[in-house]
Amino acid sequence: MDRSNYVSPPPRRIGAQAVLLHPTEDQVMVLRMRERRCGWLPGGHCAPNESAIVAVERIVRLQLGIAVPFGGVDLAVVDYSPASREPEAREGYNFVFVRRLSAEHAGLARPQEAAGPDLLGYDWVNVAELENVCLPYHVRRVTRAVEAACEAGSTAGRFLAQGLVA
């Protein structure tokens with residue numbers, strides 16, 4: 001048996017993203033980034049030996065200055081992305097957590113200097129209007145994550161490939 005993938009595994013990106021819902025409206029927080037032509041979810045890469053839950057909490061705090069507690073029940077979908085032709089776009093998995101913010105957290109959320117100069121701000125966007133501000137695979141990812149989070153106890157469709165049920 002070839003054990004090379006165990007000894008020297010191929011590089012993969014592991015991401016943790018947050019679909020943050022408005023406290024009272026059916027809206028999603030979408031970040032505005034300097035170098036991106038579309039809206040982005042709060043989140044980013046997991047550090048080595050860091051769980052997706054710890055990563056999403058860390059990154060939301062870093063980007064928005066709020067300590068949002070996430071748990072396993074908040075994991076809505078895992079979305080697989082194959083490598084693309086762009087050298088920085090490696091194969092990877094995105095763990096997508098859905099959490100409705102409290103009014104306090106929503107009021108305190110602000111782009112943080114520690115997140116870097118690329119984070120310009122955020123907008124609240126209706127799920128039905130995400131296609132106007134996000135890339136198609138982000139729209140699919142967010143839509144599926146919100147659907148999965150609303151289906152109490154359901155695990156159907158929680159593994160995706162580029163936002164599509166695998």
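Start by selecting Asp 123 and Arg 32, whose side chains meet in a salt bridge at 2.9 Å, N to O. A salt bridge here is a side-chain nitrogen of Lys or Arg within 4 Å of a carboxyl oxygen of Asp or Glu. This pair links distant parts of the chain, 91 residues apart: Asp 123 sits in strand β6 (residues 119–126) and Arg 32 in strand β2 (residues 27–33). Helices (H or I, at least four residues) and strands (E, at least two) are DSSP runs, numbered from the N terminus.

Before moving on, a word on what you have open: this is a predicted model, where local features need pLDDT of at least 70 and side-chain atom pairs count only at pLDDT 80 or more, while totals for chains, interfaces and linings use all residues. Residues are numbered from 1 along each chain as its sequence is written, and side-chain values use heavy atoms, with hydrogens and water left out.

Now show the surface around that first pair. Asp 123 is partly exposed, with a relative accessible area of 35%, and Arg 32 is partly exposed at 37%. On this scale, buried means under 20% relative accessible area, exposed means over 50%, and partly exposed lies in between (1.4 Å probe, protein chains only).

Next, select Asp 79 and Arg 141. Their side chains meet in a salt bridge at 2.7 Å, N to O. This pair, too, links distant parts of the chain, 62 residues apart, with Asp 79 in strand β4 (residues 75–81) and Arg 141 in helix α4 (residues 136–150). Asp 79 counts as buried at 0% relative accessibility, and Arg 141 counts as buried at 2%.

Stay on helix α4 and pick Arg 144 and Glu 147, which lie 3 residues apart, about one turn of the helix. Their side chains form a salt bridge at 3.7 Å, N to O. Arg 144 is partly exposed at 27%, and Glu 147 is partly exposed at 36%. A search of the whole structure finds 8 salt bridges.

Then colour the buried residues of α4: His 138, Val 139, Arg 141, Val 142, Ala 145, Val 146 and Ala 148.

From the helix, turn to the strands. β1 (13–21) and β5 (residues 92–100) run parallel, joined by 9 bridges; two strands pair if DSSP finds at least two bridges between them. Ala 16 stands opposite Phe 95 in β5. β4 and β5 run antiparallel and are joined by 6 bridges, and Ser 81 stands opposite Gly 92 in β5.

Finish at the largest pocket by selecting Arg 13, Arg 36, Trp 40, Tyr 137 and His 138, which lie nearest its centre among 34 lining residues. A pocket, on a 1 Å grid over the protein atoms alone, is an open set of points where a 1.4 Å probe fits, with protein on both sides within 12 Å along at least five of seven lines; lining residues have an atom within 4 Å of a point. About 1,100 Å³ of space lies in this pocket, the volume being the space filled by probe spheres set on the points, with grid points joined across faces, edges and corners. The largest share of its lining, 4 residues, comes from α2.
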